[in-house]
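Subject: the structure you asked for

Hi,

Here is the structure, with the sequence alongside. Have a look first, and then read on for what turned up in it.

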Amino acid sequence: MARRINVSRLRNQLRQADNQRRRAVQKVNSEIRKYNNQARAHNARVNTAINTYNRQVRQYNARVRANQSRLQSAFQHLSRQTVTVRYTIVYRSTLELAAAYETLNTSNADPFLSDLAERETANSAQVLNSLLEENDDPSGITTDSTDSKITHVLATISPDLNNRWDGALFALDPNNPDAARHFCASSREIITAILDIEAPNADVIQLLPNCQLTPQGMPTRRSKMKFLLCRQGSAHETLEEFADANISDVVNLFQVLNTGTHGAAGAYSTTQLTAIKDRVEGAIEFICAVARP
C-alpha cells in the first residue's frame with residue numbers, strides 16, 4: 001500500500017532545506033567578502049610599506065648624494081686655501097678625521113652612523129674653510145640662536161643639557177667679542193656631560209674591563225664611545241676610530257678658538273659663527289645618535 005505524503009510537512013522540509021542552502025550560500029559569500037577585504041587590506045598595507053620604504057630609500061640616497069657633494073666641495077675648496085699657523089692644528093685634525101672617514105666608508109659599519117660620519121667630515125672641512133677666509137666684519141649682523149635641531153634630543157638626556165645648549169646659542173652673536181669662546185666652553189661641557197650620563201665610568205669598566213684609561217684611572221672618551229657603540233649593537237673598529245677622531249677634531253677646534261683673539265675686533269663673522277655652530281651641533285647629534293639610537 002502506497003505511503004501517504006503529508007504535503008504540509010513536505011513543504012516545510014523543502015523550506016528548511018532551502019533556508020539552509022541560502023544560509024550556506026550567504027556564509028560562503030560572507031567568507032569570500034571577508035577574505036577579499038582582508039586581502040585588500042593586506043595589499044594596501046604592503047603597498048604602503050613598499051611606498052614608505054621606497055620613499056625612505058630615495059630620501060636616503062638623496063641625502064647621501066648631498067653629503068657626498070658637500071664633502072667633495074668642502075675639500076676641493078680647502079685644497080685651494082692657505083693654512084695659517086693659527087689653524088694648523090685644526091687643519092691636521094680635519095685631515096685625520098677625513099682619513100678615519102675614508103676607512104669607515106669602505107667598511108660594513110652601521111649605515112646610518114656612516115651617513116652621519118660623512119656629514120661630520122664635511123662640517124669639519126667647512127668650518128676650517130670659513131675660519132681660513134678670515135672674514136672679520138661682524139658689524140650689525142646677528143644669528144638666530146633659537147634655530148637648533150638637537151634641543152629635543154638633549155632634553156631627553158637631561159633638561160640641564162638643553163638649558164646649557166640654549167645658553168651656548170644665546171652667546172653665539174657676532175656682536176659678542178667672546179661669542180666663540182663662550183659657545184665653545186658651554187659646548188665642551190655638554191659633550192662631557194653626555195658621555196658621563198650615558199656612559200658612567202663604572203658601567204664602562206664593567207663592560208670593557210681592558211678599556212683605555214686616563215692617567216687618573218677613568219675611561220677615556222674613546223672608551224666611552226666604544227661602550228655606547230657596544231650597547232646599541234653597532235660595535236665596529238672603524239666606527240670607534242671615527243667617533244674618537246670626531247670628538248678630538250671638535251676639541252681641537254675648541255682649543256684653537258679659546259686661545260687669543262680673532263681679527264681687529266676680536267670677533268667672528270656670521271658665516272664663521274654659523275659654521276662653528278653647525279660643526280659642534282653635528283658632533284653633539286652624532287654622539288646622541290650613538291647614545292640614544
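Predicted model: local features only at pLDDT ≥ 70, side-chain atom pairs only at ≥ 80, totals over all residues.

Residues are numbered from 1 along each chain as its sequence is written, and side-chain values use heavy atoms, with hydrogens and water left out.

**Overall make-up**

The protein chain has ten helices and zero strands (DSSP runs numbered from the N terminus: H or I of at least four residues for helices, E of at least two for strands). Of its 293 residues, 39% are buried (buried is under 20% relative accessible area, exposed is over 50%, partly exposed is in between, with a 1.4 Å probe and protein chains only). Take the contacts between residues at least 6 apart in sequence: 78% of them join residues at least 24 apart (contact means heavy atoms within 4.5 Å).

**The core**

The largest nonpolar core has 66 residues, and those touching the most other members are Leu-154, Trp-165, Ile-194, Met-225, Ile-276, Ile-284 and Phe-286. (A nonpolar core is a set of buried Ala, Val, Leu, Ile, Met, Phe, Trp, Tyr and Cys residues joined through side-chain atoms within 4.5 Å.) Helix α10 gives the most to this core, with twelve residues. As for Ile-276, setting aside residues up to four places away in sequence, its contacts are Val-127, Leu-131, Ala-180, Phe-183, Leu-257 and Tyr-268.

**Aromatic pairs**

There are two aromatic pairs in the structure (ring centres of Phe, Tyr or Trp, using the six-membered ring of Trp, within 6.5 Å; planes under 30 degrees apart are stacked, over 60 edge-to-face, the rest tilted). Trp-165 and Phe-183 make a tilted pair, at 5.6 Å centre to centre and 55° between the planes.

Since Phe-242 is in helix α9 (residues 237-257) and Phe-286 in helix α10 (residues 270-291), the pair ties together parts 44 residues apart in sequence. Phe-242 is buried at 0% relative accessible area, and Phe-286 counts as buried at 2%.

**How the helices pack**

Helices α6 and α10 pack at about 5°, with axes 11 Å apart (axes are lines fitted to C-alpha atoms, for helices over the stretch in contact, and angles run from 0 to 180 degrees between N-to-C directions). They are therefore roughly parallel (under 35 degrees; over 145 is roughly antiparallel, 65 to 115 roughly perpendicular, and the rest oblique). The residues in contact include Phe-183, Ile-190 and Ile-194 of α6 and Ile-276, Val-280 and Ile-284 of α10.

Helices α8 and α10 pack at about 45°, with axes 8 Å apart, and are therefore oblique. Here Met-225, Leu-228, Leu-229 and Arg-231 of α8 meet Phe-286, Ile-287, Val-290 and Ala-291 of α10. Among the buried residues of α8 (residues 221-231) are Arg-222, Lys-224 and Met-225. Their cover includes α3 (111-132), α6, α7 (201-207), α9 and α10. After α8 comes Gly-233, with a positive phi near 80°.

- Asn-123 is in helix α3 and is buried, with a relative accessible area of 8%. Not counting residues up to four places away in sequence, Asn-123 touches Arg-70, Asp-278, Arg-279 and Gly-282.
- Arg-92, in helix α2 (residues 88-105), is exposed at 55%. Its C-alpha is 9.7 Å from that of Asn-252, 160 residues apart in sequence.
- Arg-188, in helix α6, is partly exposed at 36%. Leaving aside neighbours within four places in sequence, Arg-188 contacts Val-251, Phe-254 and Gln-255.

Cheers
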